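Reader: Could we go through this model together? I would like to begin with the overall picture and then turn to helix packing.

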Amino acid sequence: MIYLRAENLCRRYGERTLFKNLNLSIAKGERIALIAKNGTGKSSLLEILTGKEESDNDGKVIIDKNITWTYLQQEPVFNPNHTVLEAIFNTEHPKFKTIATFELLTERMEHDPENVQIHEEMQKVMEDMELHQAWDLENKVQTILTKLNLHHHLEQQVNSLSGGQKKRLALAQVLIQEPDFVIMDEPTNHLDLQMIEWLEAWLQALDLTLLLVTHDRYFLDKICNEIIEIDEGQLFTYKGNYAYFLEKKEMRETYQAKEADAARKLARKELEWMRKQPKARTTKSKSRIDAYYELKEKAAYQKDDSQVEIQMQMQRLGTKILEVNHLHKQFGDLHICENFTHLFVPGERIGIIGQNGVGKSTFLNMLLGLEKYDGGKISKGDTVKFGYYNQQGIQLKEDKRVIEVITDIAEYIEVGKGVKLTATNLLKQFLFDAKKQYNYVGSLSGGEKRRLYLLTILMQQPNFLVLDEPTNDLDIDTLNVLEDFLAAYNGCILIVTHDRYFMDNLVDSLFVFEGNGKIRSFNGNYQEYLNDLEGNKNKDTDSKNTTAVAPMSEPVQVQTSKKKLSYKEQRELEQLTEEIAILEQQKIVLEQKLQENIADHETLLAITNDYETVKQKLDSKELRWLELTE
């Protein structure tokens, strides 16, 4: 059963054609991921499919009238006068209206449990819940609102919500309605890791047909069974996961390149025949003429190898990076951090994870000196130069030209000994051609604006990168290049991201925001953290179910073989050697200070705390060094 059929779609942008003669059909049960480079027409295609825009020619889109469907936009639009509850249940269906009233009264009873009128209204609505058999649906609604952290905002005006809250509100609308067919544009943006993992499980359990745009490769693999790519204005379909797509895409491009080469050779011969201008327009000659133009189109194929190039130096980084001692911060009842201490060392790569609203961005701003803290101390090394990529992205006037954004920072930068790149060449490396460099910022796609913003950060040559959701709106190709650059980057990196694939490839340790001001350090990436949590659960289960086991008659001889270190482990071992040397030196200095300040109780206490922190770090890193060397 075909849910959606699109025929002969076309989209032009100025003189450029994004796609033409594009056909697409989506059948019941298909779960399709749409991927393409930024600026090649993903969002334009979704807007045409959903009726927000029209095709530039006589193309048409037909959606089965017998199904329910909805569109989750990247930037959702709501009636600003609605409350959250009114926006979620924006329907005349009596069952949903009853649930909306029930949710509202439940929240009011929490704030005013002694109010008689509320209790009377609740009694009436509970009778309506029974009448409409709405309890199962209410349980589902309650789960969705709680998981998306909207259950305490039901009476809040929509226009007072943040961009992330609006995206979660739109997602709640979709999940509560349970339509037959959903089109989603970047559904994981503004969700924390727990929400994404919950959403994956929820969507997997639904009998749902999907078309979605996402850069989250883990999410794509778990949810989708098919990938459609927009490339050179055409659609290419791959039945499989992301790894399968990469393999088949390479095979397709290799075949197309060979076919184009053969077509070019044949076209040269046919061109001579065409130049003779045959007078007799017989059927045979006409068919040959038509074949020539088809051949010419094949011969014109040229693989688009353009990708972002990042050639940036970083300023020299000294041994003292950033020292955070007993940091404390809270907003009213919200505790961001309590007594947090960490000594950053050269080359450290740390990911930050935790639920939305626990203060991750506030924590970054404190480290950068952009936010005041209530107690403790932050000391920055003299050689440290931060590069801060924040969630809000580039804040520029829409009528500013792209080239002006870069020349306002510098006309050129050094990328190597004696090698300089002009602003024009820098922009070319970030896929802004000569024509696009003179476009206005307001005409760029969301992904192109993010790419421009990334360039403005990196061209300042920072040696400590602080990245707050850097993957939002970037296409997968750009993410791959950014990952390669960061993998070879020698400075410090601190990352907040909901992209698990991106984090797993780049970080060596985590700051886990557990709530109520508690920040726990974990040595490993996100997947290793999940494995550790699962291992602890299994240990608890095993300890409860332990029974006596008869001893074996002979001991089992365990054969062990040394495993060759991976590239990442070799790099980790080299970094550990340097870090251990630095920590040992810091330990010696602190031991001397302990001797010098033995009579000053307060100073002695502070030095003792620092000494214990350094000692714990040293013990941990030495243990890991032993594991790798063994």
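Author: Contact here means heavy atoms within 4.5 Å. Among contacts in the protein chain between residues at least 6 apart in sequence, 68% join residues at least 24 apart. This is a predicted model, in which local features need pLDDT of at least 70, side-chain atom pairs count only at pLDDT 80 or more, and totals for chains, interfaces and linings use all residues. Residues are numbered from 1 along each chain as its sequence is written, and side-chain values use heavy atoms, with hydrogens and water left out.

Reader: How many helices and strands are there in the protein chain?

Author: The protein chain has 19 helices and 20 strands; these are DSSP runs, numbered from the N terminus (helices: H or I, at least four residues; strands: E, at least two).

Reader: And how do the axes of H3 and H5 cross?

Author: The axes of H3 (residues 94-111) and H5 (residues 135-147) come within 10 Å and cross at roughly 55°. Axes are lines fitted to C-alpha atoms, for helices over the stretch in contact, and angles run from 0 to 180 degrees between N-to-C directions.

Reader: Which residues of H3 meet H5?

Author: Lys-95, Phe-96, Ile-99, Phe-102 and Glu-103 do, and their partners in H5 include Trp-135, Val-141 and Leu-145.

Reader: Changing topic, is H1 mostly covered or open?

Author: H1 (residues 42-49) is mostly covered, with six of its eight residues buried, where buried means under 20% relative accessible area (1.4 Å probe, protein chains only). Among them are Leu-45 and Ile-48.

Reader: What follows H1?

Author: Gly-51 follows H1, and its phi is positive, near 80°.

Technical notes: Buried < 20%, exposed > 50% of the residue type's maximum accessible area, 1.4 Å probe, protein only.
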